[in-house]
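Notebook open. I want to look up how the chains are built and where they touch.

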Amino acid sequence: MEFEFRFDIVWNNFPLLLEGIQTTILLSLLTMALGTVIGLFVAIVRLRARKIFALPLIIYVEVFRGTPGLIQIVWIYYCLPIVTGLQLDALTSLVIAMALNVGSYLSEVFRAGIQGVDKGHIEAAAALGFKPGQITRRVVVPQAAYRMIPAIGNVFVSAIKLSSLCSVLGMAELMYQGQIIIANFFRPIEVFTVVAVIYLIMAYTTSLFMMYLEYKLAWVNREKVPFWQRFKQISQSAFQIKPQGGL
Amino acid sequence: MTAAVNIKNLHKSFGNLEVLKGIDLEVAQGEVVCILGPSGSGKSTLLRCINQLNSPAQGTVYINGDPIGFEPLENSDLKKANQTILARQRSRIGYVFQQFNLWPHRTVVGNVVEALRIVKKMNKANAEKIAIERITEVGLLDWKDEYPDTLSGGQQQRVAIARMLAMEPEVMLFDEPTSALDPERVGEVIEVMKELAEKGHTMILATHELNFARYTADRAIFIDEGVIVEQAPAQEFFNAPKSERLRRFLKRMSM
């Protein structure tokens, strides 16, 4: 008997997937936003504050980078209420769990970006009479932000895929909705294929957005090329050994 | 008349290494002083201590009578200055770095305008007018809208000098301004510094340019192992060095 692809089942149940997409986007965006706040906080404290305050944050980063995301999500969903007595709704506790995961990665991205700014540029500002806050705003942030964007993009794309783990706890996001269709029609290959393509579209949209941000923040746009042309250059350079077009 | 710079008993250590072992130095208004010495002798550290990029372990630096990094109290005791006061004091001291340290995310004009806008709170039109004047003075008007990484080292250093000049500092410090340049680019920076000296600015330079020290500076100072070994008017310094150490240094440098 020959196998016959039944994509019509997926199309017939597409409204279910659409609901899932909405939840996945909501989960991902909230996670990115909260994760960025956590990451910035951790990075700044680790760079500026005393060792005593930095130590718990180092432990936090290592724990969340070093354990499986699924366990983190399950643990915070079930154990946090038991340990702390806090009753959170599913969405909140899942977003907190994922944001802690994403924040641990982002804090390292931010820390490296801030530390990567040439000390001489900071001293030049200090010697001219800039106050510490002014140095941060006028010298450190513009340079660090631009250089960190590709790395931030990586973490954001992983955050979208991380949200699929929430299906385990019954959050009706894209993966969960897909599994419901599979359970009803026993068509895992077709459903997973379509679900994967949808994740790919969301991830690539994020990548494009980050690429646009990088283009916008670049201080040297020597050729004054429009974004779509710059985009073509970047895409082509992916197939060349010699890096091209950057700063 | 108070000295433009008055350094009293300056000490600085990095870990166990004592880099400055009690430096006393007075620089008069409009005087050009060159500091010479082997690498590691403490030239740069001395300049960095003057505007508190390194904080001295002991000793005080006075610029036109004001102790840098300190706030004089009513009973004439000194209290450590907060960041705001220190920043204001630093804005009165110009500093040119060996590595230029231009900001890569700002154009040539942008680099010069930045401190006028942020530190001096000037409006955009005034700041740009001053910036253009200073950039013209160092001969880079045609490059005003370029980003630093498209300029040669000599050009970058001239922009750095323009950026410093725009703040109208009372004293100018140059930390080996030509050491990172290609040999054929040294001349253009020396030219600019000569003009500044002729205009009567107070300048202290750490340098290896013996000709500049000999013919442009008023006074030369030889530092070795954290102490001032010898100082004299520039001509005398080179023509009749007294200490054995300076004689050996000059011989090595002119070889």
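I looked up burial in chain B: 47% of its 255 residues are buried (20 or more other C-beta atoms within 10 Å of a residue's own, C-beta atoms being placed from the backbone). The model is predicted, with local features needing pLDDT of at least 70 and side-chain atom pairs pLDDT 80 or more, while totals for chains, interfaces and linings use all residues. Residues are numbered from 1 along each chain as its sequence is written, and chains are lettered from A and ligands numbered from 1 in the order written.

I noted 9 helices and 12 strands in chain B (DSSP runs numbered from the N terminus, helices being H or I of at least four residues and strands E of at least two).

Next I checked where chain B meets chain A. I found 20 residues from chain B and 18 residues from chain A in the contact (C-beta atoms, placed from the backbone, within 7 Å). On the chain B side, H2(B) gives the most, with 5 residues.

Then I turned to a helix pair in chain A. Helix H8 (residues 174-185) of chain A packs against helix H9 (residues 188-217) of chain A at about 165°, axes 9 Å apart (axes are lines fitted to C-alpha atoms over the stretch in contact, and angles run from 0 to 180 degrees between N-to-C directions). H8(A) is therefore roughly antiparallel to H9(A) (an angle over 145 degrees). I listed the residues that meet: Leu174(A), Met175(A), Gly178(A), Ile181(A) and Ile182(A) from H8(A), with Pro188(A), Val191(A), Phe192(A), Val195(A) and Ile198(A) from H9(A).

How values were computed: Two residues are in contact if their C-beta atoms, placed from the backbone, lie within 7 Å. A residue is buried if 20 or more other C-beta atoms lie within 10 Å of its own, exposed if 12 or fewer, and partly exposed in between; C-beta atoms are placed from the backbone. Angles under 35 degrees count as roughly parallel, over 145 as roughly antiparallel, 65 to 115 as roughly perpendicular and the rest as oblique.
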